[in-house]
Amino acid sequence: MQSNSVQFKTPMFRILSDKQIEELHFVTLEVLERSGVAFESAEAIRLLADAGADVTNRDRVKIPSYLVERALETAPKIITLYTREGEPAFVLDGLSGAHFGSTPNPREYMDPWTGRRRKTYVADMIDQSRLIDALPNIEWCWNATTNLTLPIVAGGDFSGRVSLLQFLRNCSKPVFVENVDARSLKDMIELCAIVGGGEERLRKKPFFGSSSEPVSPLIEGKEAVNKSLLCAEKGIPNIIYGMPMAGATAPATFAGCLVIANAEILSQLVAVQLKKPGAPVIVGAIPSVMDMKTTIFSY
């Protein structure tokens with residue numbers, strides 16, 4: 001009997017073979033164990049030391065490969081994101097393809113009425129959040145920039161809090177944030193818990209996620225790691241992404257740059273999984289090159 005069902009396959013572009021990926025992984029393990037990573041978070045250093053990492057040199061924590069492999073085993077392989085109302089939005093499982101997002105708060109904005117480039121204001125965030133909510137092929141939001149018209153005040157990123165509030169009031173899709181410190185993130189988690197019906201419901205059906213950025217090469221800053229540890233404690237999905245710059249903050253070779261990016265992600269993953277095994281973590285490295293004319297990151 002002939003089946004009428006049609007099998008669809010998602011096209012995939014690959015540069016590296018499975019063998020090359022495995023080789024890069026083993027080189028990464030060697031870097032973590034022999035060269036180590038600089039951690040600036042006292043809590044992370046304590047967690048790593050208690051688990052068997054070499055913290056003899058406080059400026060450089062050396063992580064044995066078995067801790068990395070254990071972290072990879074305990075990290076969840078599937079993460080489901082939800083809408084503000086608690087309905088499934090999409091699943092991250094490595095199989096379901098790409099999920100495109102946008103941002104409601106760029107630092108500058110091309111005014112659709114005047115055609116002029118200008119700073120983004122709160123009213124613009126509201127308009128763009130509503131637009132993101134209406135677009136069927138945009139599935140999530142990235143609340144990423146410190147707005148030029150809102151100040152950074154004592155106690156953290158005020159503009160990040162305002163941007164998140166405007167988005168939550170005007171869009172129901174999942175939102176990830178980039179913020180300056182753990183204190184700001186704590187306030188954002190509390191806000192989302194209020195909107196989502198409590199901290200436990202937010203843990204079970206997360207519509208909010210954070211991000212943490214290592215500093216290349218191989219530096220895990222205090223606030224970056226503390227944000228990740230807070231996410232682990234609260235069960236909040238967290239994107240760990242470094243931005244190594246080939247020829248400047250990483251080796252000039254493609255393989256060398258990938259090893260640095262991988263080492264930065266995995267070293268922080270170990271600390272997160274030691275804090276709370278099973279904490280949801282998303283890989284998000286952005287390796288690139290140095291612009292030789294300006295010496296800045298080609299983003």
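How many aromatic pairs does a search of the whole structure find? The search finds two. Keep in mind that this is a predicted model, where local features need pLDDT of at least 70, side-chain atom pairs count only at pLDDT 80 or more, and totals for chains, interfaces and linings use all residues. Residues are numbered from 1 along each chain as its sequence is written, and side-chain values use heavy atoms, with hydrogens and water left out.

Rings of Phe, Tyr and Trp (its six-membered ring) pair if their centres lie within 6.5 Å; planes under 30 degrees apart count as stacked, over 60 as edge-to-face and the rest as tilted. Here are the two pairs:

| Pair | Centre to centre | Between the planes | Type |
|---|---|---|---|
| Trp140 and Phe176 | 6.0 Å | 85° | edge-to-face |
| Trp142 and Tyr241 | 6.2 Å | 70° | edge-to-face |

Trp140 sits in strand β7 (residues 140-143) and Phe176 in strand β8 (residues 175-177), so their pair ties together parts 36 residues apart in sequence. Strands (E, at least two residues) and helices (H or I, at least four) are DSSP runs, numbered from the N terminus. Trp140 is buried at 18% relative accessibility, and Phe176 is buried at 4%. Buried means under 20% relative accessible area, exposed over 50%, and partly exposed in between (1.4 Å probe, protein chains only).

Trp142, in strand β7, pairs with Tyr241 in the loop between β11 (238-240) and β12 (245-246), 99 residues apart. Both Trp142 and Tyr241 are buried.

Now for a residue in a helix. Gln128 belongs to helix α4 (residues 122-134) and is buried, with a relative accessible area of 14%. Leaving aside residues up to four places away in sequence, Gln128 touches Thr103, Pro104, Pro106, Tyr109 and Thr120 (contact means heavy atoms within 4.5 Å).
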